[in-house]
Amino acid sequence: MKKIDPYFYLVFTSRSSALMSVDELNAILRKCYQANKSVNITGMLLYMEARFVNKLEGRFIQLLEGDEMQVQLLYERICKDDRHDKVFVLGSGQQTKPSFKAWSMSYSGMLHKATGFRILDCKLFESRHFTKNNGPAHFLKSFYEYNLQLQNEYAMQVAELKINN
C-alpha cells in the first residue's frame with residue numbers, strides 16, 4: 001500500500017499595515033498565485049475591513065497548505081512583508097488532504113472575475129469546504145463571522161447616531 005504524505009497546514013492572522021485597495025489586492029493575488037503554484041502550496045486568503053475600537057482596519061487570515069518546509073518558508077517571508085502587522089499563528093498541523101485544492105482569495109464587499117477571487121459572503125461559507133468537519137477551515141469561517149459582526153455593530157451605531165441627531 002502506498003503511503004500518503006500528510007499535508008502540513010498553517011493558519012495565521014495579521015493586521016494590514018494600511019487599508020488595501022482593489023489594485024493592491026489584485027496584485028497580491030497574481031503574485032501569490034504563481035509563486036504558490038510553483039511550490040505546490042494551496043490555501044485561502046481572506047481580507048476584510050472592519051472598525052476596531054474607533055479605527056477602520058484591514059485584517060487578513062490565511063490558510064496555507066503543502067509541504068511543511070515550503071509552507072514555513074512562505075510564512076517567514078510573509079512575516080517580513082511590511083504590508084502585515086501583528087502576525088499571529090492560530091494553528092498548524094498535519095492533515096491527510098488539502099482543504100482547498102486551488103489557491104483562493106476572497107475580499108469583502110467586492111466581486112472580481114480574476115481567477116480564484118471570490119466575493120466574500122455567507123454563501124462562500126456554506127460550500128463543502130466549510131460544512132464538512134474541516135479543521136483548519138473553521139478558523140476562516142470564525143474570522144469572517146467575527147468581522148461581519150463588527151461591521152454590523154458599527155452600522156447600527158451609525159444608524160442610531162443619525163436617528164438621535
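Predicted model: local features only at pLDDT ≥ 70, side-chain atom pairs only at ≥ 80, totals over all residues.
**Helix H2**

Residues are numbered from 1 along each chain as its sequence is written, and side-chain values use heavy atoms, with hydrogens and water left out.

I took helices (H or I, at least four residues) and strands (E, at least two) as DSSP runs, numbered from the N terminus. Which residues of H2 are buried? I found Val71, Leu74, Tyr75 and Ile78 to be buried there. Seen down the helix axis, these buried residues fall within an arc of 105 degrees, so they line one face of H2; the arc is that of the directions from the axis to the C-beta atoms. I then looked up what covers the buried residues of H2, and the cover includes E1, helix H1 (22–38), E3 and E4, where contact means heavy atoms within 4.5 Å.

I also checked the length of H2, whose 13 residues (68–80) should span 18 Å at 1.5 Å a residue, and the end C-alpha atoms are 19 Å apart, which agrees; the expected span is 1.5 Å times one less than the number of residues. At the N-terminal end of H2 I noted a cap by Asp67, which has a side-chain oxygen 3.2 Å from the backbone nitrogen of Met69. A polar contact is a pair of N or O atoms within 3.5 Å; within protein, one must be able to donate a hydrogen and the other to accept it, and residues adjacent in sequence count only if both atoms are side-chain atoms.

**Nonpolar cores**

I used nonpolar core for a set of buried Ala, Val, Leu, Ile, Met, Phe, Trp, Tyr and Cys residues joined through side-chain atoms within 4.5 Å. The largest has 13 residues, and Val11, Leu46, Ile61, Leu63, Phe100 and Leu140 are those with the most contacts inside it. At least two residues of this core come from each of strand E1 (7–16), strand E2 (42–52), strand E3 (55–66) and helix H4 (137–164), and H4 gives the most, with five residues. Apart from this core I found another, of nine residues, among them Phe12, Leu64, Leu74 and Tyr75.

**Strand E4 and Gly93**

I placed Gly93 in strand E4 (residues 84–95), where Gly93 is buried, with a relative accessible area of 17%. Not counting residues up to four places away in sequence, Gly93 touches Tyr7, Phe8 and Tyr9. The C-alpha atoms of Gly93 and Leu10 are separated by 6.8 Å, although these residues are 83 residues apart along the chain.

**Positive phi**

Most residues other than glycine have a negative phi. I noted that Asn40, which is not a glycine, has a positive phi of about 55 degrees; Asn40 sits in the loop between H1 and E2 and counts as exposed at 62% relative accessibility. Lys86 also is not a glycine and has a positive phi of about 55 degrees, but its place is in strand E4, where Lys86 is exposed with a relative accessible area of 60%.

Note on methods. Buried < 20%, exposed > 50% of the residue type's maximum accessible area, 1.4 Å probe, protein only.
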